[in-house]
Amino acid sequence: MNEYRPGLERRLQRNLRRVSSQHRQLDEMYGHLLRALDDRVTKRAEDALRHFEEGLSAHFSLEEKHTFPAVHGAHPTCESALIALAQEHSVFRSDVERLGSLLSKGDWLGCDQLLDELALRLAQHEGREERLLEEEEEEKKKEEGRLEDR
Ligand SMILES: [Fe+2]
Ligand SMILES: [Fe+2]
């Protein structure tokens with residue numbers, strides 16, 4: 001970053017904290033969904049899936065509308081990583097749709113398999129996002145250190 005922009009950085013940091021805390025909430029929603037699928041009770045599984053889908057959708061919107069543009073604004077070199085993350089959101093959205101259709105057919109094993117696979121990819125996706133955000137934090141601290149040395 002060539003110039004220090006405190007307003008932009010503060011907004012970015014707020015955004016990043018929200019992203020991390022939403023990742024933890026999504027983990028909980030995923031846990032509920034997993035248990036509901038294990039119990040093989042259709043209504044509970046449908047409710048848990050709806051809840052997970054709403055959480056995921058709100059989270060992706062936050063990232064696509066606010067977080068990614070803010071990261072990009074501060075660090076244009078992250079563009080390709082951000083594009084890849086946004087493309088993965090589309091894949092997760094269609095996975096969740098597929099889960100709904102498997103559930104409506106009563107294909108429990110298909111649901112288990114898809115959810116296992118989705119959970120693994122989602123954990124990797126979140127890990128990459130959090131590393132990107134940690135790099136932001138590091139960058140900001142370095143920038144502040146440089147300012148104090150002036
Ligand atoms: Fe994401
Ligand atoms: Fe995320």
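User: How many helices and how many strands does the chain have?
Analyst: Bear in mind that this is a predicted model: local features need pLDDT of at least 70, side-chain atom pairs count only at pLDDT 80 or more, and totals for chains, interfaces and linings use all residues. Residues are numbered from 1 along each chain as its sequence is written, while chains are lettered from A and ligands numbered from 1 in the order in which they are written. Both element types are DSSP runs numbered from the N terminus, with helices being H or I over at least four residues and strands being E over at least two. Here the order from the N terminus is α-α-α-α, and the count is 4 helices and 0 strands.

User: What share of the 150 residues in the chain is buried?
Analyst: The C-alpha trace spans about 65 × 25 × 20 Å along its principal axes. A residue counts as buried with 20 or more other C-beta atoms within 10 Å of its own, exposed with 12 or fewer, and partly exposed in between, with C-beta atoms placed from the backbone. Among the 150 residues, the buried share is 17%.

User: Are helix 2 and helix 3 roughly parallel or roughly antiparallel to each other?
Analyst: Their axes lie 11 Å apart at an angle of about 170°; axes are lines fitted to C-alpha atoms, for helices over the stretch in contact, and angles run from 0 to 180 degrees between N-to-C directions. Angles under 35 degrees count as roughly parallel, over 145 as roughly antiparallel, 65 to 115 as roughly perpendicular and the rest as oblique. Among the residues that meet are Ala 45 and Phe 60 in helix 2, and Phe 92 and Leu 103 in helix 3. The two helices are therefore roughly antiparallel.

User: Which residues of helix 3 are buried?
Analyst: Within helix 3, the buried residues are Leu 82, Leu 85, Leu 99 and Leu 103.

User: Why is Glu 136 classed as buried?
Analyst: Glu 136 is found in helix 4, residues 108-149. Glu 136 touches Leu 12, Leu 16, Val 71 and Ala 74, not counting residues up to four places away in sequence. Its C-alpha is 8.7 Å from that of Ala 74, which is 62 residues apart along the chain. Glu 136 is classed as buried because its count of other C-beta atoms within 10 Å is 21.

User: What is the phi of Arg 40 near?
Analyst: Arg 40 is found in the loop between helix 1 and helix 2, and is exposed, with 11 other C-beta atoms within 10 Å. Most residues other than glycine have a negative phi. Arg 40 has a positive one, near 60°.

Terms used
Two residues are in contact if their C-beta atoms, placed from the backbone, lie within 7 Å.
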